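Please keep the model open while reading.

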Amino acid sequence: MKKKILEKDKNFIWHPFTQSKLSSDPKIIISAMDEKLTDIEGNEYIDLISSWWVNIHGHGRKDISEAIFKQVKKLDQVVFAGLTHEPAVNLAEKLSKLLPHGLNRVFYSDNGSTSVEIALKVAYQFWYNRDKKKKKFVAFNGGYHGDTLGAMSVGFSSGFYKPFNDLVFETFFIPFPDNWKGNNSINEEEDKAFRYIDSIISDNCNELAAIIIEPLIQGASGMKICRPEFLNKVVKKFQSNNILVIFDEVMTGFGRTGKMFASDFLDVKPDIICLAKSLTGGCIPLAATVFQEKIHQEFVDLNFNKTFLHGHSFTANPIACSAAIKSLEIFEEENTLVKVKNIEKIHQEGLSLLSKNPIISKTRFLGGVAAFDIIGFDKGYGAKIGEKIKNNFLKKGFLIRPLGETIYLMPPFCIKQNTLLKAYDELDKELYKIKI
């Protein structure tokens with residue numbers, strides 16, 4: 001059976017972010033429960049990356065499955081243009097109560113890239129509807145916002161999109177002052193970023209539609225963390241100059257940072273927020289782009305040309321909305337954010353252990369996310385050192401997926417304390433085997 005599946009995989013499947021000429025055969029996963037994955041041979045793996053950052057409560061949640069089953073028996077799918085349904089309405093209401101005040105107009109889609117694409121298009125048309133030509137965007141160096149054309153444009157500095165240089169639109173990029181334990185130059189780096197911001201705004205203010213930000217943590221560029229007080233100042237600078245602010249919380253949303261949203265650490269609030277990944281607890285694709293009402297009102301007019309002509313076949317899928325509602329209820333029923341705080345304490349302890357190794361640098365953590373860099377080896381997304389550690393760790397029963405020379409842990413919130421401590425212990429042993 002294993003051989004047959006792998007043969008079919010090789011003949012028919014094109015895996016994401018994978019160079020088939022360099023990769024070994026994929027593991028065939030047949031089941032999952034809590035933080036464990038099981039392959040076709042019965043081997044178990046601890047999922048330390050929440051299956052690409054989506055699975056927050058753990059795999060195989062019976063209550064979410066039951067919510068899905070109950071909904072699919074009533075209404076599985078229906079066009080969302082001109083029709084509505086209770087799961088979509090109830091989920092939108094729940095989100096508006098959880099998000100920073102004023103973010104209450106929900107536009108559904110199905111993944112993080114589309115959520116961002118919607119935010120960018122609305123930001124552009126918002127000014128268009130006001131008869132203003134504001135068509136330029138600002139983003140941070142290294143920010144990653146998805147793989148559709150607009151998302152690639154504002155994430156171009158992440159280094160993933162070189163073949164598409166002639167397709168993307170021009171974006172202004174600001175240095176990202178990432179912080180870590182022992183960074184003594186953070187103030188200077190933040191000042192440098194502010195100088196860039198002031199220059200961009202001074203020269204282009206009337207043309208800037210919006211800035212898009214991964215609040216507090218940049219995900220795919222290496223789990224880089226900035227300070228809340230820095231972001232507060234950034235947002236105020238742009239909003240005071242009549243420039244919209246978009247928060248991409250596709251990764252940071254739903255407890256990842258120790259609060260429900262990374263926005264909750266800040267004194268400011270965005271005009272637009274993008275949500276996806278963990279929205280349904282990691283069970284079914286669903287995304288939401290949520291707007292301040294003032295933005296929505298620019299599209300409400302007797303003139304049909306001001307309509308936002310955008311949509312997706314599975315917009316507000318009732319099954320996905322029901323899964324998301326149950327996931328949000330779990331946060332209340334199980335006091336999930338306390339679990340995240342407990343994970344954060346283990347991250348702190350584990351990183352303290354790892355930092356004694358001379359090849360470890362830039363240890364950082366926030367909520368359920370922990371990361372560090374390996375020095376003395378190759379760098380970049382395809383770094384061989386990361387691939388080597390991933391493969392060796394997989395043999396020990398732990399699933400990680402390094403971002404080049406950056407190793408990070410982002411486990412489901414259900415992970416047992418002893419399991420996560422063991423992961424750090426085994427990772428420490430593995431890293432000491434590596435010679436510079």
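The second largest pocket of this predicted model has a volume of about 410 Å³. Its lining holds 22 residues. Closest to the pocket centre are S221, G222, K224, E405 and T406. By class, the lining of the second largest pocket splits into seven nonpolar, eight polar and seven charged residues.

Which strands each supply at least two residues of that lining? They are β13 (360-366) and β14 (369-374). β13 gives the largest share, three residues.

**Helix packing**

Two packed helices are described by the angle between their axes and the distance between the axes.

| Helix pair | Angle | Axis distance |
|---|---|---|
| α11 (336-354) and α13 (417-432) | about 20° | 10 Å |
| α3 (62-74) and α10 (318-333) | about 150° | 8 Å |
| α7 (186-204) and α8 (228-240) | about 10° | 11 Å |

**α11 and α13**

The angle between these axes is about 20°, so α11 is roughly parallel to α13. α11 passes α13 in a right-handed crossing. On the α11 side, the contact is made by I343, I346, H347, E349, G350, L351, L353 and L354. On the α13 side, Q417, L420, L421, Y424, D425, L427, D428 and L431 take part. The contact of α11 with α13 has 10 nonpolar, three polar and three charged residues.

**α3 and α10**

Helices α3 and α10 pack at about 150°, with axes 8 Å apart. Is the crossing of α3 over α10 left-handed or right-handed? α3 passes α10 in a right-handed crossing. From α3, the contact uses D63, I64, A67, I68, Q71 and V72. They meet P318, I319, S322, A323, K326, S327 and I330 of α10. The residues of this contact divide into eight nonpolar, three polar and two charged.

**α7 and α8**

Why do α7 and α8 count as roughly parallel? Their angle is about 10°, and angles under 35 degrees count as roughly parallel. α7 and α8 are therefore roughly parallel to each other. In α7, the contact residues are E190, A193, F194, I197, D198 and I201. In α8, they are F230, K233, V234, K237 and F238. The contact of α7 with α8 has seven nonpolar and four charged residues, and no polar ones.

Terms used. Residues numbered from 1 in each chain as written. Predicted model: local features only at pLDDT ≥ 70, side-chain atom pairs only at ≥ 80, totals over all residues. Heavy atoms only, no water. 1 Å grid on protein atoms, 1.4 Å probe; cavity = no way out; pocket = protein on both sides within 12 Å on 5 of 7 lines; lining within 4 Å. Points joined across faces, edges and corners; volume = space filled by probe spheres on them. Helix = DSSP H or I, 4+ residues; strand = E, 2+ residues; numbered from the N terminus. Nonpolar A, V, L, I, M, F, W, Y, C, P; charged D, E, K, R; others polar. Axes fitted to C-alpha atoms, helices over the stretch in contact; angles between N-to-C directions. Parallel < 35°, antiparallel > 145°, perpendicular 65-115°, else oblique. Left-handed = near helix turned anticlockwise from the far one by under 90°. Contact = heavy atoms within 4.5 Å.
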